[in-house]
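Please open the model in your viewer and keep the selection panel at hand. The stops below go from one selection to the next, with a short account of what is there.

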Amino acid sequence: MDTLSHFILALLAGLAMDLHRKHRLSLIVFISFCSVLIDLDHFLVPWGYAMQYRSFHNIFIVFLIPCTLFLISYYFERNTRSDKFQIFFLLLTVMLTGHLIADMIQGPVQIFHPVSDMEVSTPQLDIQATDDFISPIVNSYGVGMAVYALIIFVGVFIHDILYHQRRKRLNSRDALRHAIRDWF
Ligand SMILES: [Zn+2]
């Protein structure tokens with residue numbers, strides 16, 4: 001997927017998580033910008049810094065590292081007034097993971113690089129209602145966007161738990177219960 005589309009999707013993910021009510025909109029724009037930096041992969045090969053377009057498009061860069069930084073921030077900010085680093089890394093994890101999923105729509109990605117060369121893509125689907133109407137009911141784009149939406153839902157849910165813990169001073173179990181109740 002092109003970098004501009006990634007940026008717009010990341011921006012929409014940030015707005016969907018409703019963070020702009022408490023944090024500056026410019027912060028969401030900045031994190032969206034950070035999430036498209038992995039597309040530097042497109043330039044590393046022409047510039048001679050890499051052999052293939054995969055250095056940053058893998059689960060270690062898009063999920064494990066930002067998620068670990070989120071957990072570390074959560075630990076260190078739990079007794080402070082600020083939650084900005086945990087929010088930053090939570091949103092960055094959502095946006096980067098969504099970026100990788102969106103790229104998997106267009107073709108296989110070596111998501112376990114450098115550990116494995118296994119290529120993964122979204123299922124190649126094309127379900128048509130009738131042969132007369134070209135536009136399918138579900139195709140690979142739909143599946144990819146559904147997974148992206150699911151990632152946003154998980155991000156919103158975690159953010160809800162953090163909100164209840166911090167604002168209402170609840171323990172983890174009660175915060176989880178409140179977050180679940182918010183959804184129904
Ligand atoms: Zn990309």
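A nonpolar core is here a set of buried Ala, Val, Leu, Ile, Met, Phe, Trp, Tyr and Cys residues that are joined through C-beta atoms within 7 Å, and a residue counts as buried if 20 or more other C-beta atoms lie within 10 Å of its own. The model on your screen is a predicted one.

**The whole chain**

Begin with everything shown as a cartoon, where the secondary structure amounts to seven helices and two strands, arranged from the N terminus in the order α-α-α-α-α-β-β-α-α. Along the principal axes, the C-alpha atoms occupy a box of roughly 55 × 50 × 30 Å. Of the 184 residues, 29% are buried, and among contacts between residues at least 6 apart in sequence, 51% connect residues at least 24 apart.

**The nonpolar core**

Next, select Ala13, Leu91, Leu92, Val94, Met95 and Leu100, which have the most contacts inside the largest nonpolar core, a set of 31 residues. At least two residues of this core are supplied by each of α1 (3-16), α2 (25-35), α4, α5 and α6 (140-167), and α5 gives the largest share, 14 residues.

Now centre the view on Met95: which residues does Met95 touch, not counting those up to four places away in sequence? Its partners are Ala10, Ala13, Ile31, Ser32 and Ser35.

**The pair α4 and α5**

Colour helix α4 (residues 59-77) and helix α5 (residues 84-106) separately, and follow their axes, which come within 8 Å and cross at roughly 165°. Because angles over 145 degrees count as roughly antiparallel, α4 is described as roughly antiparallel to α5, and the crossing of α4 and α5 is left-handed.

To show the contact itself, select on the α4 side Val62, Phe63, Pro66, Cys67, Leu69, Phe70, Ser73, Tyr74 and Glu77, which meet residues of α5 including Phe85, Phe89, Leu92, Leu96 and Leu100. By class, the residues in the contact of α4 with α5 are 13 nonpolar, five polar and one charged.

Finally, select Asp41 in helix α3 (residues 41-47). Is Asp41 buried or partly exposed? Asp41 is partly exposed, because 19 other C-beta atoms lie within 10 Å, whereas a buried residue has 20 or more.

Key:
Residues numbered from 1 in each chain as written. Predicted model: local features only at pLDDT ≥ 70, side-chain atom pairs only at ≥ 80, totals over all residues. Axes fitted to C-alpha atoms, helices over the stretch in contact; angles between N-to-C directions. Helix = DSSP H or I, 4+ residues; strand = E, 2+ residues; numbered from the N terminus. Parallel < 35°, antiparallel > 145°, perpendicular 65-115°, else oblique. Left-handed = near helix turned anticlockwise from the far one by under 90°. Contact = placed C-beta atoms within 7 Å. Nonpolar A, V, L, I, M, F, W, Y, C, P; charged D, E, K, R; others polar. Buried ≥ 20, exposed ≤ 12 C-beta atoms within 10 Å, placed from the backbone.
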